[in-house]
Amino acid sequence: MGQDQTKQQIEKGLQLYQSNQTEKALQLWMKVLEKSSDLVGRFRVLGCLVTAHSEMGRYKEMLKFAVVQIDTARELEDANFLLESYLNLARSNEKLCEFHKTISYCKTCLGLPGTRAAAQLGGQVSLSMGNAFLGLSLFQKALESFEKALRYAHNNDDAMLECRVCCSLGSFYAQVKDYEKALFFPCKAAELVSDYGKGWSLKYRAMSQYHMAVAYRLLGHLGSAMECCEESMKIALQHGDRPLQALCLLCFADIHRSRGDLQTAFPRYDSAMSIMTEIGNRLGQVQVLLGVAKCWVARKALDKALGAIERAQDLAEEVGNKLAQLKLHCLSESIYRSKGLQRELRAHVVRFHECVEETELYCGLCGESIGEKNSRLQALPCSHIFHLRGKPHRGEGL
């Protein structure tokens, strides 16, 4: 198969994929991969396969195609192709919660000689690195990366990248418990979709609606949370987006738990866990188990809660997410306090404080910990964050 035919078949596959005929598109692209002798065409079709498998939640297959794409880029001996393939490798590892590997591959991207692709993809590299730092609960480094990605988006008028960064910033502020900003950023993403997203994939609307749902739930606006989550889930089901379906199910379960409707929450946690396990989202599994543990605590089934916490703790340590470990130690501490088991209680108090220190979640001005309760935060230009009420009147260093 020559260059022109390869190009035609790739385009045909894209049309099938965009019309939700995913399996037909995959079959066509695999056929191109087998038969085409055109290296550039093979590189492009591997990129299509990486993206498609990412959106379907087939992360191990995504990683496999990303590795083959790097070999193809090396054959082409072109730094632009090499940067793009390393970015796909970084994203694949990010999806599989291999955050240290993600950061390493992103640094490889940034270390490549200046290329045309660097100007186009630099923001996406920073975004992927920020997501990985967030996965490891390295909040200052995550914020630095997100702000760098946002600068790329603004400098290049890339509204699509800005939309994705806003969703990640929503997640960032939800984790450090500034719920106003956790809502502001996905609302900004939804505005971008409304203003510029006529030709975009519906996944951008779905993504912004999901992050809005999370923030609304945290703010206690459960009706709005349910409405946004239903909109996101509808799009996820239409497009066979398994990762987003899992996140929506988790959000639905959390909403029902917040309403005190544990009977409805449990089966949604189970469904979310099933998909999270299937696709390999270990951090998502931790979040599910944390919600399940809270349900068992509410039902006074403390031993069942501890069972869920133990499973979640193993996964959180495996992934390296310090914030999840902190939350799990905090929940364990309250359970052992109610059981009157002092030795176990002390062990979890010690580990809780160690996790707080490791995440560096302290306000640089008032010295209090960040993320204990909903509070307004402000970021300095150096990406340190502090409580807004602790802000100096004269604005030193701002």
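User: Is the crossing where α3 passes α4 left-handed or right-handed?

Analyst: Left-handed, as α3 passes α4. Keep in mind that this is a predicted model.

User: What angle do α3 and α4 pack at, and how far apart are their axes?

Analyst: The angle is about 160°, and the axes are 9 Å apart. Helix α3 covers residues 39-56, and helix α4 covers residues 59-76.

User: So are they roughly parallel or roughly antiparallel to each other?

Analyst: Angles over 145 degrees count as roughly antiparallel, so α3 and α4 are roughly antiparallel to each other.

User: Which residues meet there?

Analyst: From α3, the contact includes Leu39, Phe43, Leu46, Val50 and His53. On the α4 side, Tyr59, Met62, Phe65, Gln69 and Leu76 are among them. By type, the contact of α3 with α4 divides into 13 nonpolar, five polar and three charged residues.

User: One more topic. Where is Lys12 found?

Analyst: Lys12 is in helix α1, which spans residues 3-18.

User: What does its accessibility make Lys12 count as?

Analyst: Partly exposed, because its relative accessibility is 47%. Exposed would need over 50%, and buried under 20%.

User: How far is Lys12 from Leu28 in space?

Analyst: 8.2 Å, C-alpha to C-alpha. In sequence, Lys12 and Leu28 are 16 residues apart.

Conventions. Residues are numbered from 1 along each chain as its sequence is written. This is a predicted model: local features need pLDDT of at least 70, side-chain atom pairs count only at pLDDT 80 or more; totals for chains, interfaces and linings use all residues. Side-chain values use heavy atoms; hydrogens and water are left out. Axes are lines fitted to C-alpha atoms, for helices over the stretch in contact, and angles run from 0 to 180 degrees between N-to-C directions. Helices (H or I, at least four residues) and strands (E, at least two) are DSSP runs, numbered from the N terminus. Angles under 35 degrees count as roughly parallel, over 145 as roughly antiparallel, 65 to 115 as roughly perpendicular and the rest as oblique. A crossing is left-handed if the near helix is turned anticlockwise from the far one by less than a right angle, and right-handed if clockwise. Contact means heavy atoms within 4.5 Å. Ala, Val, Leu, Ile, Met, Phe, Trp, Tyr, Cys and Pro count as nonpolar, Asp, Glu, Lys and Arg as charged, and the others, Gly among them, as polar. Buried means under 20% relative accessible area, exposed over 50%, partly exposed in between (1.4 Å probe, protein chains only).
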